[in-house]
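This briefing describes a single protein model for a reader who will inspect the coordinates alongside the text.

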Amino acid sequence: MRPTDLQVIGDELAVKWDDGSESFVRLDWLRRRCPCAGCQGERDVMGNLYKGPERKLGPAAFQLVRFVPVGGYAVQLVWGDGHQTGLYAFDYLRRLAEAAPPDPQPQRPDKAT
Ligand SMILES: [Zn+2]
């Protein structure tokens, strides 16, 4: 599964997949699950996790500045705070999209009754 089109719409990343389906993934959800070693930590051969101190993410951290396709298997996301070491493999992106919590329902004034 790979994306055929990526687009930032509001605070979501819209992904068109090559099976014709579409995902909308919130940018903050994506950023908090940045797969890079700096964000997720690194395991040594013994399985110990090394992780830097939790960084505080400001609003810029959740702005997607651009995305760069990498080697036909992933996309590199460049964030407003300059963070850009996260390579989101397509299957990871897909899993994130499927695991994302649904948006809070916007309040609709009324439904036809
Ligand atoms: Zn990261």
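H3 lies across S1, S2 and S3, and its direction makes about 75° with that of S3. Helices (H or I, at least four residues) and strands (E, at least two) are DSSP runs, numbered from the N terminus. Axes are lines fitted to C-alpha atoms, for helices over the stretch in contact, and angles run from 0 to 180 degrees between N-to-C directions. Two residues are in contact if their C-beta atoms, placed from the backbone, lie within 7 Å.

The model is predicted: local features need pLDDT of at least 70, and side-chain atom pairs count only at pLDDT 80 or more, whereas totals for chains, interfaces and linings use all residues. Residues are numbered from 1 along each chain as its sequence is written.

**Overall composition**

- The protein has three helices and eight strands, and from the N terminus on its elements follow the order β-β-β-α-α-β-β-β-β-β-α.
- Of its 113 residues, 13% count as buried; a residue is buried if 20 or more other C-beta atoms lie within 10 Å of its own, exposed if 12 or fewer, and partly exposed in between, with C-beta atoms placed from the backbone.
- Among contacts with a separation of 6 or more, 33% join residues 24 or more positions apart.

**Sheet S1-S2-S3**

- An open sheet of three strands runs in the order S1-S2-S3 with antiparallel pairing; two strands pair if DSSP finds at least two bridges between them.
- Strand S1 (3–9) and S3 stand at the edges with a single partner strand each, so one side of each has no neighbour in the sheet.
- The twist from one strand to the next averages 20°.
- S1 and S2 are antiparallel and joined by six bridges; within this pairing, isoleucine 9 has glutamate 12 in S2 as its bridge partner.
- S1 and S2 form a hairpin with two residues between them, and glycine 10 in the turn has a positive phi of about 60°.
- Five bridges pair S2 with S3 in the antiparallel sense, and alanine 14 stands opposite phenylalanine 24 in S3.

**Sheet S6-S7-S8**

- A further open sheet of three strands has the order S6-S7-S8, again with antiparallel pairing.
- S6 and strand S8 (87–89) are the edge strands, each with a single partner strand, so one side of each is left without a neighbour in the sheet.
- Direction ignored, neighbouring strands of this sheet are turned by 30° against each other on average.
- H3 packs on this sheet by touching S7 and S8, and its direction makes about 80° with that of S8.
- Strand S6 (residues 64–70) pairs with S7 in the antiparallel sense over six bridges, with valine 68 bridged to glutamine 76 in S7.
- The hairpin formed by S6 and S7 has three residues between the strands, and glycine 71 in the turn has a positive phi of about 55°.
- S7 and S8 run antiparallel and are joined by three bridges; valine 75 has tyrosine 88 in S8 as its bridge partner.

**The nonpolar core**

- The largest nonpolar core has 11 residues: Leu13, Val15, Val25, Leu30, Val75, Leu77, Trp79, Tyr88, Leu93, Leu96 and Ala97.
- Strand S2 (12–17), strand S7 (74–79) and helix H3 (90–99) each give two or more residues to this core.
- A nonpolar core is a set of buried Ala, Val, Leu, Ile, Met, Phe, Trp, Tyr and Cys residues joined through C-beta atoms within 7 Å.

- The buried residues of H3 are Leu93, Leu96 and Ala97.
- These residues cover an arc of only 100° around the axis, which puts them on the same side of H3; the arc is that of the directions from the helix axis to the C-beta atoms.
- The buried residues of H3 pack against S2, strand S3 (22–26), helix H1 (27–32), S7 and S8.
- Leaving aside neighbours within four places in sequence, leucine 96 is in contact with Val25, Trp29, Leu30 and Arg33.
- Exposed residues Asp91, Arg95, Glu98 and Ala99 are carried on the face of H3 turned away from its buried side.

**Tyrosine 88**

- Tyrosine 88 lies in strand S8 and counts as buried because it has 22 C-beta neighbours inside 10 Å.
- Not counting residues up to four places away in sequence, tyrosine 88 touches Pro35, Ala74, Val75, Leu77 and Leu93.
- Tyrosine 88 and cysteine 34 are 54 residues apart in sequence and 7.5 Å apart in space, C-alpha to C-alpha.
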